[in-house]
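Hi everyone, thanks for coming.

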Amino acid sequence: MAPLAIGIDVGGTQIRAALVAADGAVLDRLAVPTPATEGAAFVVARIAEAARSVAGDAPVIGIGLSAPGPLDAERGIALATPTIAGFVDFPLAAEVRAATGLPVALENDGIAAAIGEWRFGAGRGLANLVYVTVSTGIGGGVVVDDHVLRGRKGMAGHIGHMTVMRGGELCACGHHGCFEAHASGTAFLARARRLAAGRAGSALHAPGPALSGAAVFAAAAAGDALAEELVAEEAEMLGLGFASLLHLYSPDVLVMGGGMSAQFAALGPRIEAAVRRIAMPPFRDVPILPAALGDNSGLAGAGALAFERFGPGAG
Ligand SMILES: [Zn+2]
């Protein structure tokens, strides 16, 4: 049997694990809740359990571990993850290695997903790609000239914390005006709830605080004026950030993943229109595509990373 890798994506709410083949195929996967408030040792134990469970008796070369930043990918250390208690200067890769007996390569979750889409998804075969995940937050990863951009400590590509506005909305990082604070799914929903509360005529007024993002998109499709405004505003904010990314990295393609990409049919054309307007003319023909691997981008990318570091051809 050909060797396989374990890809693991540690998030603030879920730990997802998968058995990944060398061609990026996700063979078997599971998700368990993250014991995010119980401390790092509990999280490591849960990761090890999940790894053992997906591996079964398969021949496994190692673990690619994707986790939220900021983290020092080179040294395998979680530096200051706000969503998981105890992930402060925590030697995550070494602890998971000790708990599983397998070699572990740690990567920022945005970069891992970028690798997945670059190797096996919407950016396959291209030399230059920017991947942006738009979800509760915004993250990403960049491939330039066939190289993954990692930067000092492997921290490059924290796209969500580009400042897009002076004195803007408060971000989870503590700063105001970050791209994430204005264009993430969380920001979209906060804006929707705030405006819906004052708009009695809108279909969005009735659900009150229970209003969901999906409901806003459904109402926009049905012609509700406020919902249409909100979707247009979201696309405009994303277009603003994406245009900056085109200017910075000149990718062959910009790939959008994360929970918000489920609404790409509505958002995509509007984002493209915004980018065509904002970007300098030579940048306007860059395709903006939804992630091809859906929520498997990060797992496939983490698996690819394990093959690169620990696979048969690895130095
Ligand atoms: Zn921020």
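A word on naming before we start: helices (H or I, at least four residues) and strands (E, at least two) are DSSP runs, numbered from the N terminus. Counted that way, the protein has 9 helices and 13 strands. Keep in mind that this is a predicted model, where local features need pLDDT of at least 70 and side-chain atom pairs count only at pLDDT 80 or more, while totals for chains, interfaces and linings use all residues. Residues are numbered from 1 along each chain as its sequence is written, and side-chain values use heavy atoms, with hydrogens and water left out.

Okay, overall shape. The C-alpha atoms fill a box of roughly 60 × 45 × 35 Å along the principal axes. For 315 residues, a compact globule would have a radius of gyration near 20 Å, and the protein agrees, with 20 Å. That radius is taken over C-alpha atoms, and the globule rule is 2.2 Å times the number of residues to the power 0.38.

Glu107 counts as buried because its relative accessibility is 1%. Leaving aside neighbours within four places in sequence, its contacts (heavy atoms within 4.5 Å) include Arg150, Ser66 and Leu305.

Now, helix packing. Which residues of H5 meet H7? They're Phe188, Arg191, Ala192, Leu195 and Ala196, against Leu226, Leu230, Val231, Glu233 and Glu234 in H7. By class, that contact has 7 nonpolar, no polar and 3 charged residues. Here Ala, Val, Leu, Ile, Met, Phe, Trp, Tyr, Cys and Pro count as nonpolar, Asp, Glu, Lys and Arg as charged, and the others, Gly among them, as polar.

The axes of H5 and H7 (residues 225-249) come within 11 Å and cross at roughly 150°, so the two are roughly antiparallel. Axes are lines fitted to C-alpha atoms, for helices over the stretch in contact, and angles run from 0 to 180 degrees between N-to-C directions. Under 35 degrees is roughly parallel, over 145 roughly antiparallel, 65 to 115 roughly perpendicular, and the rest oblique.

H5 (residues 185-197) also packs on H6 (residues 213-221), with axes within 9 Å and crossing at roughly 65°. That makes H5 and H6 roughly perpendicular.

Definitions and conventions
Buried means under 20% relative accessible area, exposed over 50%, partly exposed in between (1.4 Å probe, protein chains only).
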